[in-house]
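Open the model in your viewer and keep the selection tool ready. This tour moves from stop to stop, saying what to select and what is there.

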Amino acid sequence: MKSISVILLVLIGLLASVCFSHDILITQEGQKSLDKLDKAALQHGGENIQLSCDVCQIGASLLEDFIKKNASLSEIIKGLSDLCIASKEEQPEVCTGILNNYVPIIVDVLIQSDFTPSQLCGYFKICSATGSSESSSISNSFDNEYRQESFIKPTMKVSEKKQQYKDLSNQEPLVTKFKGNGTIGYILQISDVHFDPDYKVGSNPNCGRPLCCRDGVGSAGPIGHYLCDIPFSTVELIFQHLATLTDQLDFIVWTGDNPPHNVWEQSQAQQELATATLAQVIQKTFPNTPVLPSLGNHEAYPADQYVLPNSQWLLDSLYTYWAPWLDADALELVKERGYYTSLIKPGLRVMSLNTLENDMINFYNLLPTYLKGPNNQSDWMINTLEQAQSNGEKVLIIGHIPCTVKSASTDGWCNMYEQVVDQFSDIIIGQLYGHTHYDQFAVFSDVATHTKPTGMNYIVPSMTTYQNHEPGYRIYEFDYSTNQIVNYYQYHANITDANESGVLNFQLTYSAKELYNMEDLSPASWTKVANEMKTNSTLFHSYFENLSSSPIKESCDQACQTKWVCQIFGITSSEFDKCYGV
């Protein structure tokens with residue numbers, strides 16, 4: 001996403017460039033870095049300076065020098081704004097808005113954390129193991145000195161002074177009556193709606209900002225445009241269609257990301273309103289259907305930034321807007337930590353995770369307290385799964401940011417999460433996620449040898465059209481006699497046709513079992529499919545053609561094929577690198 005690029009470019013690589021605009025003394029080494037950056041700008045002929053490893057390392061050197069000078073936040077923001085505008089990376093209002101939101105956070109975190117600015121280029125996967133950008137567009141790997149795991153070592157054992165968790169054995173089930181006949185039922189998953197209340201029909205979809213279709217004159221259609229987030233009127237059309245499924249659905253999984261991508265001009269009130277609006281739409285459409293929500297990274301303000309107690313407002317709002325669907329114990333956990341567990345039916349439990357702790361762009365995850373302490377999420381996950389195991393329950397995990405390279409996840413979280421999935425593979429029946437806007441899946445394997453399949457993560461495509469996607473939703477077919485997902489059905493609507501006809505029609509795109517010729521959807525079967533994709537181009541292209549659900553059809557050579565297959569196995573960046581051979 002373009003907005004993430006400018007955040008990283010400006011905040012990590014070029015924080016110290018305020019020196020261009022202010023008479024602040026810098027050291028000899030700092031001046032050398034300024035000269036390098038100035039030379040890089042000249043080499044680009046005044047055009048955009050790309051976010052390369054070299055630029056990041058130059059900027060990091062500047063930042064280290066600048067922090068020594070103890071400059072004020074206002075000086076940093078002013079200097080950064082001037083540079084951002086001059087670099088033409090973003091429009092002036094975008095530069096100013098993003099910097100005002102993020103500079104205070106990144107400076108505060110750097111002061112508190114163990115990171116040095118130069119190490120951030122590795123942490124954020126801008127630099128490869130060789131110190132160049134050559135492989136970062138594919139694997140974004142880096143050596144042990146700068147690898148995320150070297151900074152973050154989450155403990156897998158519950159600490160001695162652990163919190164006393166509630167007994168889950170007497171929890172009341174959310175679903176008391178199932179819609180289907182016999183043992184088969186259906187689950188709806190929606191994710192990444194990202195509706196834009198300021199979308200304007202006939203506006204410009206190529207405005208040069210991270211999000212367009214809000215002003216000017218252009219081709220933004222009445223239903224939507226592939227370069228923009230969807231208007232609220234389209235959300236209403238989508239839920240009018242989904243309402244026809246009410247009699248089939250036992251429950252709904254809603255995996256977050258509700259606000260639009262206007263990250264430079266958001267406010268806390270706007271973020272809350274997006275979740276409140278969608279919660280009202282869902283409740284109105286499905287008044288008698290249980291809903292299992294999860295927190296997305298865009299619900300935070302600024303986007304992706306989450307730490308307690310600063311973010312307590314967010315958890316308080318979720319407590320309010322999720323109240324129609326969760327019991328008192330679950331809501332208490334939501335208000336305290338942003339995650340919860342509920343009993344769906346006897347023998348079947350859901351765990352909804354707060355994956356802002358798995359967000360690489362959440363700068364607060366650089367703090368020394370990340371994933372540590374007696375009240376951390378991993379302790380709670382393990383305790384919940386231990387109780388489920390003792391109670392003879394199967395567990396469905398839902399969340400927003402999955403562990404794949406595509407999702408900009410953190411290796412610290414994903415190492416921990418992979419171990420949890422391995423340890424409780426006998427009771428975890430599936431993982432339902434979103435975030436990437438792509439139609440992906442990821443297979444988990446044992447941490448000791450990475451040869452035994454242990455889990456399956458389904459990553460659903462987005463409801464928004466942002467960055468060339470057809471809006472979609474997914475229906476899972478579930479066998480309650482075995483508590484297993486036995487198939488899923490992916491649906492999409494064509495926005496081009498909808499704009500021309502004025503009618504939004506969702507069609508079945510594929511059924512998983514039929515598309516991949518699978519007998520079942522077990523982790524072993526998915527692992528077999530993924531391994532076959534390494535050499536079977538026909539099978540791989542069945543996957544690739546649905547990956548982006550885009551009107552733009554792209555080709556994919558062998559290197560591209562290998563990259564996307566390694567995304568399936570790359571739960572952490574080191575596992576991706578091993579698969580890709582770097």
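Helices and strands here are DSSP runs, numbered from the N terminus; a helix needs at least four residues and a strand at least two. With that in hand, select histidine 435. It lies in the loop between β7 (428–433) and β8. The model you are looking at is predicted.

**Stop 1**

Most residues other than glycine have a negative phi. Is histidine 435 buried or exposed? At 16% relative accessibility, histidine 435 counts as buried.

Now select glutamine 467. Look in the loop between β9 (453–459) and β10 (472–479). Glutamine 467 is not a glycine, yet its phi is positive, about 65°. This residue is partly exposed, with a relative accessible area of 38%.

**Stop 2: the whole chain**

Zoom out. The chain has 18 helices and 12 strands. It runs to 582 residues, and 59% of them count as buried. Among contacts with a separation of 6 or more, 72% are between residues 24 or more positions apart.

**Stop 3: salt bridges**

Side chains of opposite charge can pair when their charged atoms come close. How many salt bridges does the structure hold? It holds eight.

Select aspartate 198 and arginine 214. Their side chains meet in a salt bridge, 3.3 Å from N to O. Both residues lie in the loop between β1 (184–190) and α7 (232–242), so the pair ties together parts that are 16 residues apart in sequence. Aspartate 198 is partly exposed, at 37% relative accessible area. Arginine 214 is buried, at 10%.

Next, select arginine 209 and aspartate 215. This salt bridge spans 2.7 Å, N to O. Arginine 209 is buried, with a relative accessible area of 13%. Aspartate 215 is partly exposed, with 36%.

Move on to arginine 349 and glutamate 393. They form a salt bridge too, with the closest N and O atoms 2.8 Å apart. Arginine 349 sits in strand β5 (residues 348–352) and glutamate 393 in the loop between α11 (377–390) and β6 (394–398), so the pair ties together parts that are 44 residues apart in sequence. Both arginine 349 and glutamate 393 are buried.

Finally, select Asp196, Asp198, Arg214 and Glu265 together. Salt bridges that share partners join these four into one network.

**Stop 4: two cis peptide bonds**

Most peptide bonds are trans. Select tyrosine 301 and proline 302. The bond between them is cis, with omega near -10°. Proline 302 is in the loop between β3 (291–293) and α9 (312–321).

Then select leucine 308 and proline 309. A cis peptide bond joins them as well, with omega about 10°. Proline 309 also lies in the loop between β3 and α9.

**Stop 5: asparagine 487**

Select asparagine 487 in strand β11 (residues 484–493). Asparagine 487 is buried, with a relative accessible area of 3%. Which side chain does it meet in a polar contact? Tyrosine 489 is the partner, at 3.4 Å. Now show the backbone of alanine 512. Its nitrogen lies 3.4 Å from a polar atom of the asparagine 487 side chain. Residues that asparagine 487 touches include Ile475, Tyr476, Glu477 and Leu521.

**Stop 6: proline 523**

Go to helix α15 (residues 523–533), where proline 523 lies. Proline 523 counts as partly exposed, at 26% relative accessibility.

**Stop 7: the cavity**

Rolling a probe the size of a water molecule over the atoms shows where empty space is left. A search of the whole structure finds one cavity of 30 Å³ or more. How much space lies in the largest cavity? About 40 Å³. To see its lining, select Asp439, Gln440, Phe441, Tyr488, Tyr510, Tyr516, Tyr543 and Asn546. β8 (440–445) and α16 (537–547) each supply at least two residues of that lining.

Conventions:
Residues are numbered from 1 along each chain as its sequence is written. This is a predicted model: local features need pLDDT of at least 70, side-chain atom pairs count only at pLDDT 80 or more; totals for chains, interfaces and linings use all residues. Side-chain values use heavy atoms; hydrogens and water are left out. Buried means under 20% relative accessible area, exposed over 50%, partly exposed in between (1.4 Å probe, protein chains only). Contact means heavy atoms within 4.5 Å. A polar contact is a pair of N or O atoms within 3.5 Å; within protein, one must be able to donate a hydrogen and the other to accept it, and residues adjacent in sequence count only if both atoms are side-chain atoms. On a 1 Å grid over the protein atoms alone, a cavity is a set of points where a 1.4 Å probe fits but cannot get out, and a pocket is an open set with protein on both sides within 12 Å along at least five of seven lines; lining residues have an atom within 4 Å of a point. Grid points are joined across faces, edges and corners, and a volume is the space filled by probe spheres set on the points. Lists of a residue's contacts leave out its neighbours within four places in sequence.
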